[in-house]
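Student: I would like a close look at one part of this model, with the cut-offs stated as you go.

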Amino acid sequence: DEWRDLPTKWNYAICKTLREILQRLEPLCQTGGHLPIINEDPQIYTINQIYTKMYGFPLNIKDNGSDNLMKESDKNNAVMMVKNTKVHENDDPNAEFARAV
């Protein structure tokens, strides 16, 4: 929140949905399975219809089970990867943010 000059609006409902989607897709990625395109997955399709200006990206960070993974620090690789995307520099006052881990 402190990275952004404007108030940060978190959309917790979409965070939950994105986590559900990740839980289904991660095993497919790990085993080389078929990943659905937007129209093949009802949840992804619905999100795409509701949030037509959604922007996102995957960050692949090894989770070693440490509580430090999400600890805010300039030395934390996960935090620095997010910060380096510069998504926090979005100047749209109506922007909403979501994350799924």
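Which residues does N11 touch, not counting residues up to four places away in sequence?

Tutor: This is a predicted model, in which local features need pLDDT of at least 70 and side-chain atom pairs count only at pLDDT 80 or more, while totals for chains, interfaces and linings use all residues. Residues are numbered from 1 along each chain as its sequence is written, and side-chain values use heavy atoms, with hydrogens and water left out.

With residues up to four places away in sequence set aside, N11 touches Y51, E96, F97 and A98, where contact means heavy atoms within 4.5 Å. N11 sits in the loop between β1 (9-10) and α1; helices (H or I, at least four residues) and strands (E, at least two) are DSSP runs numbered from the N terminus. N11 is buried, its relative accessible area being 12%, and buried means under 20% relative accessible area with a 1.4 Å probe and protein chains only.

Two polar contacts involve its side chain: one of 3.1 Å joins the side chains of N11 and Y51, and at 3.3 Å the side chain of N11 reaches the backbone nitrogen of A13. A polar contact is a pair of N or O atoms within 3.5 Å, where within protein one must be able to donate a hydrogen and the other to accept it, and residues adjacent in sequence count only if both atoms are side-chain atoms.

Terms used: Buried means under 20% relative accessible area, exposed over 50%, partly exposed in between (1.4 Å probe, protein chains only).
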